[in-house]
Amino acid sequence: MIEAPFGSVIVRRTASLLVSLVQLFALYVLFFGQYGPGGGFVAGVMIAASLVFGLLVFGESSPTAQRATRLLAGDGVGLLLFVAVGGLCLIGGGEFLNYSQAPIPGLDGPARRYLGILMTQVGVALDVAVAAVSIVFSLSRDVAAGKTDA
Amino acid sequence: MTYSFELPLLALLILTAAGAMIVKELISAVLILGAYSFFLALVWAWLGAADVAFVEAVVGAGLATVFFLLTLSQTSPEDTRIRRPPPPIIAVIALPLLGLLLLYAANDLPAFGDPGSPASVHVSPHYIENSLADTRTPNVVTSVLMDYRVLDTLIETVVVFTSGIACWLLLRRDAE
């Protein structure tokens, strides 16, 4: 049972600032992974880390924890998005995950590959974030007992 | 010189790694392991592998520590203290010899950043030269991971997904 073990004002104020800041930075890392270091995996882990941080500091009845619980419903969506992009390339007549064959009108090959990289990165980020949060919920077993099933 | 930064970092790495193994309290070991991950992230950053440094800092020092702490919080206090029996004499003799053997073998590795090393002449030049024109992605690491070698990444994503599901199935069964 995670029940907000930190009563300290300093910890709570710092956490309330950091959680949203880390999420913002995760989005930056996700969408600028093609220009700088980072990418889907790191972004997903950072989103998960910010949610877990909020969960540990504010306890399981806080809005952050409820956001994390809702995130669990998206288990598999990221993987599905990844595979869907691959399937789209198949429909366009190319090999699986050959983005340049994806049937997107108005874009040339490199632009399609750029878009394909972006979409699969979003997929990876979602998948990793959900998996990490779900492992945390599994490890703190009492937390999710009656909540995710509802 | 280059060594002014590397040697203290290496010393800290060895110190934290040894500390994590020596301390008796598992909670202390977990926290020292987190510090070890941070130093390792600094090493990656120093070697120019910013992406790997990122992952090491977030996963190794952040999430893995939380996983360990959550697991420890489910155990009773006497489980988190460990008695370490002295190592067998054969290990004390054999493991340093193995280390020496590895150091000897490391002499044959190509120098760091050597452009003529096998890893640098096979497919890497093609990726580095064509990434921008092929995929409009300046970050070659991203274009290799998500385009040229995307099947690898897909399978890794499947592994992450499976690990989440497996943890849920194994650990939640007890709770219900």
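Biologist: Which pattern does chain A follow when read along the sequence?
Modeller: This is a predicted model, in which local features need pLDDT of at least 70, side-chain atom pairs count only at pLDDT 80 or more, and totals for chains, interfaces and linings use all residues. Residues are numbered from 1 along each chain as its sequence is written, chains are lettered from A and ligands numbered from 1 in the order in which they are written, and side-chain values use heavy atoms, with hydrogens and water left out. Chain A has 5 helices and 0 strands, where helices (H or I, at least four residues) and strands (E, at least two) are DSSP runs numbered from the N terminus. Read along the sequence, that gives the pattern α-α-α-α-α.

Biologist: What percentage of the 150 residues of chain A count as buried?
Modeller: Let's start with the word itself: buried means under 20% relative accessible area, exposed means over 50%, and partly exposed is in between (1.4 Å probe, protein chains only). One residue that counts as buried is Phe58(A), at 18% relative accessibility; its place is in helix H2, residues 40-58, of chain A. Among the 150 residues of chain A, the buried share is 49%.

Biologist: How far apart in space are Phe58(A) and Arg12(A), C-alpha to C-alpha?
Modeller: Along the sequence, 46 residues separate Phe58(A) from Arg12(A). In space, the C-alpha to C-alpha distance for Phe58(A) and Arg12(A) is 7.2 Å.

Biologist: How much area do chain B and chain A bury between them?
Modeller: The contact (heavy atoms within 4.5 Å) takes 42 residues from chain B and 50 residues from chain A. Buried area is the accessible area (1.4 Å probe) that two parts lose on being put together, summed over both. Of the area buried here, 72% is on carbon and sulfur atoms. The total for chain B and chain A is about 3,900 Å².

Biologist: Which element gives the largest share of the side of chain B that touches chain A?
Modeller: Between chain B and chain A, 9 residue pairs are in polar contact, both residues being at pLDDT 80 or more; such a contact is a pair of N or O atoms within 3.5 Å, where, within protein, one must be able to donate a hydrogen and the other to accept it, and residues adjacent in sequence count only if both atoms are side-chain atoms. The elements of chain B that give two or more residues to this side are helix H3 (50-73), helix H6 (124-135), helix H7 (140-148) and H8. The largest share is 17 residues, and it comes from H8(B).

Biologist: Is Thr157(B) buried or exposed?
Modeller: Thr157(B) lies in helix H8, residues 150-175, of chain B. Leaving aside residues up to four places away in sequence, Thr157(B) touches Leu79(A), Phe82(A), Val124(A) and Asp127(A). A polar atom of the Thr157(B) side chain also lies 2.7 Å from the backbone oxygen of Thr153(B). With a relative accessible area of 3%, Thr157(B) is buried.

Biologist: Which residue forms a salt bridge with Arg136(B)?
Modeller: Side chains of opposite charge can pair when their charged atoms come close. The rule for a salt bridge is a side-chain nitrogen of Lys or Arg within 4 Å of a carboxyl oxygen of Asp or Glu. For Arg136(B), the closest N and O atoms are 3.0 Å apart, and the partner is Asp108(A).

Biologist: Where do Arg136(B) and Asp108(A) lie?
Modeller: At 40% relative accessibility, Arg136(B) counts as partly exposed, and Asp108(A) counts as partly exposed at 40%. The pair joins two chains, because Arg136(B) lies in the loop between H6 and H7 of chain B and Asp108(A) lies in the loop between helix H4 (77-91) and helix H5 (109-139) of chain A.

Biologist: How far apart are the closest N and O atoms of Asp147(B) and Arg113(A)?
Modeller: Asp147(B) is buried, with a relative accessible area of 10%, and Arg113(A) counts as buried at 15%. These two residues form a salt bridge, with closest N and O atoms at a distance of 2.9 Å.

Biologist: What kind of aromatic pair do Phe25(A) and Tyr28(A) form?
Modeller: Rings of Phe, Tyr and Trp (its six-membered ring) pair if their centres lie within 6.5 Å; planes under 30 degrees apart count as stacked, over 60 as edge-to-face and the rest as tilted. Over all chains there are 6 aromatic pairs. Phe25(A) and Tyr28(A) are 5.8 Å centre to centre with 25° between the planes, and this pair is stacked.
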